[in-house]
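Look over the sequence and the model before reading on.

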Amino acid sequence: MLTDNPELFRGLNYPWGRKVNPTPGVPEKIADGVYWLRIPMPISLDHINIWLLEDDDGWTVVDTCLNLPNAREIWEQVFSEFMQGKPVQRVICTHLHPDHVGLAGWITKRFSCQLWMSREEFLMCRAMAGDTGRDAPEVAIRFYQAAGYNEEQLDKYRKKFGGFGRAISTLPDSFRRLVEGETIRVNNRYWQVVIGAGHSPEHVSLYCPALKLLISGDQVLPKITPNVSVFPTEPEGDPLKEWLRSNGRIRDRLPDDVLVLPAHEAPFYGLHVRLTQVIEGHETDLDNLFNHLEEPKRAIDCFPALFKREIDDSVIGMATGETLAHLNCLMGRRRVLCRQDENGVNWYEQKPDVCDFT
Ligand SMILES: [Zn+2]
């Protein structure tokens, strides 16, 4: 059982401490009818938090974990022991990433229930799963060439391509669309759908005013800054602009006194502080990156301006996407220019007329 162990850290208040780690497969009660299930994952992000909402005659589950045998085992245990024979009536996925959507197909099939998602997340998820079994398209190779990849790095990208579909169970063929501002009733309480963007295209958070809870998915995490990336499918996208805008909007729209239930790490109070930290962190990154571009640079030359850690091949894809998100944002703000050389490589530099107003 969770014991009160409030911990204040960097402006956030964690009622059960920052390192609280519920036993996998044993849901913890958070509020009346709201339970916290943690499932471990064998990747650097070593767990996901899943939220179980109880209704008179069944359960709503929010997010599902990767499609892994050990995660299915934990779910089986939860179905048979914790849920006490009441069925899962709906599966809500906050967004399309495999740790959230990985077992949605499996659970909805098992209980003949519906998957509830925003439309862009559902469609994008199916499109990405459709890449499995295909070769990496030429346009994607050119995209990473333009970022500065060498042949060896391009080869690694080719080999990894299509991995998304293998990390998830097949999605159902139809879904129930979640729309910004609508309310869902569970256990006679209303949960409002709050849409965000930037980390994924149409991310769903759920806000319950009566319980003062926010199931925040990856939109608001206490410590990690969610990845905001540009991908080859939309090379000129500006997801960082959307990310900053949606975080500001959530801060305006939701009260500060909610308990945030994030998909990773521990529940916390301090929604507005955290959103401000994330927004300001990106603004600082944008300034550092701008200062780094006095001389023309390729995307891969910009890593030191944005990341403290060494970027090796295991994280180069995420680092490249995140760097391009910051570069595209600076270009959108007309602070940076991009020129392509005769080898198809993009070089970014400060736009001269905004460097000096004196
Ligand atoms: Zn995510």
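## Where H7 meets H8

In this predicted model, helix H7 contributes Leu-240, Leu-244, Asn-247, Gly-248, Ile-250 and Arg-251 to its contact with helix H8. From H8 come His-272, Leu-275, Thr-276, Val-278, Ile-279 and His-282. By type, the residues of this contact are six nonpolar, five polar and one charged.

The axes of H7 and H8 lie 9 Å apart, at an angle of about 155°. Angles over 145 degrees count as roughly antiparallel, so H7 is roughly antiparallel to H8. Their crossing is left-handed.

## Leu-271 in H8

Helix H8 also holds Leu-271. Is Leu-271 buried or exposed? Leu-271 has 21 C-beta neighbours inside 10 Å, so it counts as buried.

Setting aside neighbours within four places in sequence, Leu-271 is in contact with Leu-214, Val-220, Leu-254, Asp-256, Val-258 and Val-260. Gln-192 is 79 residues from Leu-271 in sequence; their C-alpha atoms are 16 Å apart.

## Helix H10

H10 covers residues 316-332. Its 17 residues should span 24 Å at 1.5 Å a residue, and this agrees with its end C-alpha atoms, which are 24 Å apart. Just after H10, Arg-334 has a positive phi of about 60°.

The buried residues of H10 include Ala-319, Glu-322, His-326 and Cys-329. What do the buried residues of H10 pack against? Their partners are helices H5, H7, H8 and H9, plus strands E16 and E17.

Conventions: Residues numbered from 1 in each chain as written. Predicted model: local features only at pLDDT ≥ 70, side-chain atom pairs only at ≥ 80, totals over all residues. Helix = DSSP H or I, 4+ residues; strand = E, 2+ residues; numbered from the N terminus. Expected span 1.5 Å × (residues − 1). Buried ≥ 20, exposed ≤ 12 C-beta atoms within 10 Å, placed from the backbone. Contact = placed C-beta atoms within 7 Å. Axes fitted to C-alpha atoms, helices over the stretch in contact; angles between N-to-C directions. Parallel < 35°, antiparallel > 145°, perpendicular 65-115°, else oblique. Left-handed = near helix turned anticlockwise from the far one by under 90°. Nonpolar A, V, L, I, M, F, W, Y, C, P; charged D, E, K, R; others polar.
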